[in-house]
Structure formats: structure tokens, C-alpha cells
Amino acid sequence: MSAQSNSLLSVADLTVHFKGKGGLFASQPVKAVDGVTFEIFEGETLGIAGESGSGKSTLARALIGINKPNSGSISVRGNTISNFSNSALRPIRKKLQMVFQDPYDSLDPRFTIAESIAEGLQIRNLPKSEIKDEVRALLETVKLPASLATRFPKELSGGQRQRVAIARALATKPDLIICDEAVAALDVSVRAQILNLLQDIQVQTGISYIFISHDLSTLRYISKNVAIMYAGKIVEYGNSDEVLTNPQHPYTRALVSAVPNISGQKGEKFKSVGEPPDLANLPSGCAFNPRCKESLATCSSEAPKLVTTLSGSQAACHLIKPYEDSGFHKGGENHA
Amino acid sequence: MSRWIVRRTAQMLAVVWGVMTLAFILAFIVPGDPARMVAGTNASPEAVANIRHQLGLDQSLLTQYMHFLGRLLRGDLGVSFALQNQTVGSEIWRALPFTAILAVAGVLWEILLGVPFGIISAYRPKSFFDRVSTFSALFGLSTPPFWLGLILLYFLAFKLSVFPLNGVGHPLIWYLILPSFTLGVGGAAFYSRIVRTTVINVLQSPFIEFAQLKGMPSGLILRRHVIRHALMPIVTMIGMDLGYFLGGVLIVESIFGIPGIGQLAFRSISTLDVPMITGTVLVASVFMVIMNFIVDVLYTFIDPRVRLQRNN
Amino acid sequence: MHDQFEEVESSLDSVSLRSRAWSSLKADKIAFASVVIVLLLIFIAIFAPWFAPKKPLYQYPDGLSEIGAPQGPGKHFLLGADQNGRDVLSRLIFGARVSLTVGVVATALASFIGVTIGAISGYLGGWVESILMRLTDIVLSFPILLFCIALIAVTGPSTKNVVLVIAFAYWTYLARIIRSQVLSLKEREFVIAARSLGLTTPQIIRRHIIPHLIPTIIVYSTLGVATSILIEASLSFLGIGVPLPQPSWGEMISEGQKYFQSAPWLLVAPGVTMIIAVLAFNLMGDWLTDLFDTSSMGVKR
């Protein structure tokens, strides 16, 4: 990943709101994704982490057109859309594919493995004879024996099913695959195999990934950059080694410290207390402030913006001094 | 919670409005000239035209529809065509007590037969009792109610003279035992099946196991946990059945000669008495809608989970 | 832990439906009997002229006694004769034709309407769902029987009207059940995956939704035939069922009730036949429910 590559996907100020339940007497809209901006380059992997309810899955579903964004824009290879009608989304949708969390549920139990994979090929209007060859090739790509083609999902193990799901996603020749907790349901040993497979495919085809997980060690292993989401916003973003070893935002610190350490060091305990936020009724200012131990007076009145920190990552927190503002550090790594 | 009630009420009113409109349409597709019917067969064309004007039948459809809704809102169901000088309201009012007592008695049969059989079956699944009761429940579901009513009449009233043969008299409840049993048998069969499934599920749940482990007497477990759970699905069905029965139970009423709303409706259809048809149809559906509403509200009191959901 | 379960599960599920059906039929005598009775009924209905010992509509002079009372069951008339001297058994056999046809056609129509409305409102959601479901509510809270009687009073009794009326009454149940299944199906990941692949809505409904609804449709259609036979009987009882002189079971009961004090077989024979038929359809429906395990199929809890 040394060569400077082209921008593949850039998302600007993307917002996904859900209506509160019940038409006429609806309650406050739920801001599942609230002004998210990021960019992914060809052949790169972006990790997204956060608690459940942080909006990471909604973000993924918005990118593949399952949840309609309310505002913002998505552009794939410079092809920008900000009007999210079905017809506008279709060309973009083809470039983005998804591998889901639950390999027990993401394949139709009534379809054979070959039929499931072929579904992605039929979209490309391939003739029947080619479909057969292509299915075989795809099975080979995900390192499954061709003999599985006529089996049903029930007859496969979790890891095998996830390989089928990857093959099905690859069938449309996408530029980017979103893996939403794609290895979370698997055994640890199988998990490593799937991660390696994904990396092999990336090396061969130059595909990009968005990897959504609550497992920080997985993210650090597979992704170049990582974004931490909280209450629909990105609160910290940067190189994954940097963010996960030297977290700047209090929330990221809390997440990192909650990961059990293999060396037996206990580390700090998860410092924040309380429940994940109610998205329909967010606290004013920084959404994290009621749970934050270091919260200031401004935290409850003003929402912090993402700023570049001293370590080079970006974080949205009033406690953090922006890199630009600090007088020293002029000869920082940027000049090198 | 209050927001939920407001929304639910609005929903109920929408359905009532839909039902009213359907009733209006129904009145229109019934053939025959209502004005001639009121005037009588020997009336002169002028008299018929006069009555048509009185009834407002010469106005546009929309005006008639608005008038119709306006009258209903004032609680005025109109005047019967067939029964001279009788308002639909008073006729329905006269028939209602018979239907109401019959309906309540029918639901009582459903509960009295359905719930105990269901619970006992669930406590002894696959036992002889369970097999017999499961099969009789299916039998009850598969028997046409009017056939059962006729057979009961034949043996218990005609052959053995245990019960009165027909009509109503004093004491009323004596005359309603066979009809209400006929009415309730199908529901009882259904209830026992539902209760059986529910109770089997409850008995297998961890909190019952826990109650047993901590030494709670089985009678107390039954009263405190099992019956409460078993009743939940039943509440819905009781409400629905009550609403349905209150609208008149045509067949049972006509087999046993009970002058309830069902008979009234049937008679009005055969005489093409349009105001009476729409009146009975409306009353029947409004009962249904209201009972549905009551069941929904009751649910929030019985089931804390539902309450929690509706509070948000 | 998950993997062990999976092994067991998959070994169970790879047993084909046909062999599972066969082994459950061998184990369950009641289910077996119900399937046999249903098949037999269908067979008898189709080949009614071969099975009926006499003509169903012919008024046999020896069917009535000298004083004009119908003959009871005996050598000549196995199940007795009716008030017109017609053979009850033959009428029952031809009645199977009428009752089953009404049941099957009405159920098919109701299933078609119910599945279409349920699937569309469940899948599309939004205002389409609101309108369709309120419509269902209105039909459900309308006193269907009264409404149907009024309708038939207007249009006159005919077999077609009976079928339409039953379908009109039964579709709402299916619509509700199908809707709730579709609601949970469309959140299943394989449906979302299909959407992300770019399949169109009709394609998804055809390929990924409808096939999962088939067990439910089969079960409720079986139960629907049972219900339809009962409703047809009720309509006949009220004098607005299948028009005379065609024999239907309901019509036979309603005619029989006029004479049942002197000729109880006129009531018992069609009643018992009907109970056996309806019971068989209901039992078969139960068996199919267990076989497909509709509670876990298509609907994930």
C-alpha cells in the first residue's frame, strides 16, 4: 500500500435519519448516522468501530442503498450522487457489495451454493454457459471445493458459508466490499482464515474493504485506517495503529482499555459509565459528555468538531488541542 | 402511553368511518325502490314521489351520504321500512338484551370448557386425558355449529324434554343454555388448543423451573404464573368473540328461535328493509371495533412489556 | 458449541421432505388416516358417478312409504331416502363434489388475494401497508356473514356467489399471517443481500419471499378448505348456499332439519360425513404444520 492510489469512495456529510414511530404523532427522528465524512482509496481497508447503536451498520446499509440517506453525498470513482433515488443509486450499488454478520442467515436456505453465487452473476447478464464457469472460478477464489456447488447452506459450516457469501459479493465485480461484523459469528481459528482470505483477494484484485467490527484487534490486523463512531458521528479517525495504541478521544480510550490484554496486564478499566445514548433523545453538545469522566462545561453546550491532533489522527473532543492551533511542533512529521 | 391511546382511537374512528361507508354502499346495492316499499304497493305515483322526497332519496349521492353520516353521528339509525313507525334504534334496543345474554353465556362456555381442559392437557402432555381432550377439541372445531344445535335439540329437548324446545320464556337463562352451549363449543375447542400450547411453553420456561427449585408449591405456581400467562392470548379471543357474538349470531338465534339482533338482521334482509340492514350491520361492526379497542387497552394493563413499548 | 449444534441440525435437515413425510405418516396413525380420508374424498368426488349406487337427483317411488314418509336406512337405501324419495348415500357422494369444489376454489381464491395483499403490504410497508391493513381491519370487523347474506340476497344464490363470499371472508386471515411473515422475512440477511446485489423488488419477492411462504400457504389452504366447507354449510342452512337441486352437504342438513324429528338420518348422515371430512382436513393441516414446522420456517424468532 505504498504507492499513492486513487480515491475510490468518498462520503461527505452523510446523514441517515429514521422517523420516530407512528405517522401523525411521530416522536423525534432518530439520527442513526449524523454528518459522516470519510474517504477510501483503491486497495485500502477502512475499519469502523463502535458500540452497537453507534450507527456503523446503518452507515453500511446506507452505502449499499438499503437505508436511504437524508442528506450528504456519496461518490464512487468521482461519480457523485446526492439524490438518493433508486435509479440514482443503482449504478453505485453495483460497485459496492456487502458480506453480512450471520452466515446462517445471509444465504437463502432454499438455494444451492451455486444458485446463491450465480445470483450475483445474473445481474451482469452473463450467458448460462459462462455462469457455470464463473461460479466454479469464484468457488476457487474463495478456496472452496467445486463439489460444494450443489449443496445447500445447511450442509456447510459457518466458515464455508461465509466464503460463499464472499464469492457471491465478488460475483458482481465490485470495487469495494463492506464486511459488517463478517467474522464476529465465527470461531477464532476460522476467523483468521477468513481474514487471510480477504487479504489475499485484496492483494490479487486491488479491491477495497470497509470492515465494521466491535473487535479492535481484528480491525488493527486488517485495516489501514480506522474510524470510531459514537451516536452516529465519527469521533476519531486515523491510522489504525496510531488510533488504537494512542487513542485521543476519551471514548476511544475507553474502548481500547476495555479490550483484555493478552499479556495479562489489566490496563485501565472501561472508564465511562452508563448506558449507550438514546438516539431519539441525544444529550446536547457532545453526545458522549454524560458518560465522560473528563467532561467540561462546554461539552454539554457545544458539539466538538473533528480536528487534527498532535499524533496526526483526527478527533472530535473539546479536550484535544488542535494541531494547527499549537504554536510549537512546527517541524513535525509533516515537514519530513 | 397517552399518545398511543390517541393514535389508537384515531385508528378506531377511521375503521368505524370505513364501516359506515361500506354500510352506505350496501344500502345502495340492495335492489328495490325504498320509497315504494314505504308507501305500500297500492300507493299512487304522486305519493311515492312525495315519500321519495321525504326520505331525501331524490338528492345527489353525496348529499345523501353526508346526511347519512350526519344522522349516524346524532345516533339516529332511521326508520324501518318494513315495520311501520318503528325506529331502527328501538328495534335493535329491544333485541339487544337477548343477544347480549346469549353472547356472554357463550363466552362463559368457552372459558369454562376451554381453559381447564387446556391446562390439564398441558400438565400431562401425551397422556390419555390429553389425547382425548385434543381430539375432542378438533372434533368441536370440525362440527358445524348449527348441526350440533339441531342434534342437541333433537335429543335433549325433543326426545328427553330436559330443555325447552324453542323460543324464549321465563327464566330466560333456562332457555339459553342449549343455544349458548352451541355457540360456545367451537370457541371452547379453540381456546383449549391455544391454552395447551401456551401453558406447555410456560411450563418449560426457566422461571417456572426456578420457582419449582426454590420450593414454591405447585398450586401457587399454577395460580401465580401459569394461569396469568395462559390467559393472555385468551383475553384477545374473548374480546373478539364477545364483539362478534354481540353483533348477533344468526344461525344459533334462528335454530333456537331467539329474537336477538341476528334474527332481526336476517328478517330485515329477507324483507329488504334497508335502514334495518344498515343499522344491524353497523351495530354489529361497531361492537367488533370497540371490543378490539378494549382488548388492546387491556393488554397494556396485563402485559408490562406491551405497556413499556407503548409508553415510548 | 454452535458448530456441534449445526452438525446435528444439518444432518437432520438433509433428510428430504418426502422421506420425512413418509416416516411421520408411518408413526402417526391419526395423521395417516386423515391423509387417506382426504385423498379418498377427492377420489370419490372426481369419480362420483362410479361410486354412487343410485342417481342423486332421481326421486325413487320406493323411497317413500305408503303414507309418503321417507324410507329409513336399509337394504335398498343404505343410508335411507329423503323426503322426495332420493337416495341419501348417492346424494352424499355427489355432494362431496359440490362441497369440495366450493371449498377448494374458494380457498384458492382467498389464498391468492390474501397472499398478494399480505406480501405487498408486508414488503413495501409505508402508506401502502397502512391502507391495505386498514382495509383488512374493516373487512375483519364487518359482520361478514350478514354482509354476505345481504349480497347474496341482492345477486341471488349461485355456486359462484357462494365461492366469492367465502373467499371474501377468508382472505383477511391469510393476509395478516402472510404480512407478518414477510415483515420478518424482509429483514433476513439473505433478502438484504439480494437487494444489495441489485435484484429488483418483483425479483426478490418471487425468488426469496414467496418460496418461503409456501409451507404456510399449504397449511392454511388445507385448513381453509375445512373452514370453507363449514361456511358453505352455514350459507346453505340459511337458504342462500349452493342452489337446489344440486346436493351439497350443507343443503342436505338444512333440508333434513325440517324432517329430522321423524327421519333423523336425514340430519345425521350429512352431518357425520361433513364432520369426518372437515376433521380430516383439519388433522391433515396439523400434520402439515408439524412437517413444515411453519413456526420456524420463514419466520426467524
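**Chains B and C, then the sheet of chain A**

Let's start with a contact: 32 residues come from chain C and 34 residues from chain B. Contact here means C-beta atoms, placed from the backbone, within 7 Å. On the side of chain C that touches chain B, helix 6 (126-141), helix 7 (144-155), helix 10 (201-237) and helix 12 (265-292) each supply at least two residues. Helix 12 of chain C gives the most, with eight residues. Helices are DSSP runs of H or I, at least four residues, and strands are runs of E, at least two, numbered from the N terminus.

A word on the source. This is a predicted model: local features need pLDDT of at least 70, side-chain atom pairs count only at pLDDT 80 or more, and totals for chains, interfaces and linings use all residues. Residues are numbered from 1 along each chain as its sequence is written, while chains are lettered from A and ligands numbered from 1 in the order in which they are written.

Now chain A. Eight strands form an open sheet with mixed pairing, in the order 6-7-8-3-9-10-12-11. Pairing takes at least two DSSP bridges between two strands. Strand 6 (96-99) and strand 11 (307-308) of chain A are at the edges with a single partner strand each, so one side of each lacks a neighbour in the sheet. Strand 3 (residues 45-49) and strand 8 (residues 208-212) of chain A run parallel, joined by four bridges. There, G47(A) has F211(A) as its bridge partner.

How confident is the predictor? pLDDT, its confidence in each residue from 0 to 100, averages 80 in chain A. Over residues 326-336 of chain A, pLDDT stays under 50.

Notes. pLDDT is the predictor's confidence in each residue, from 0 to 100. Two residues are in contact if their C-beta atoms, placed from the backbone, lie within 7 Å.
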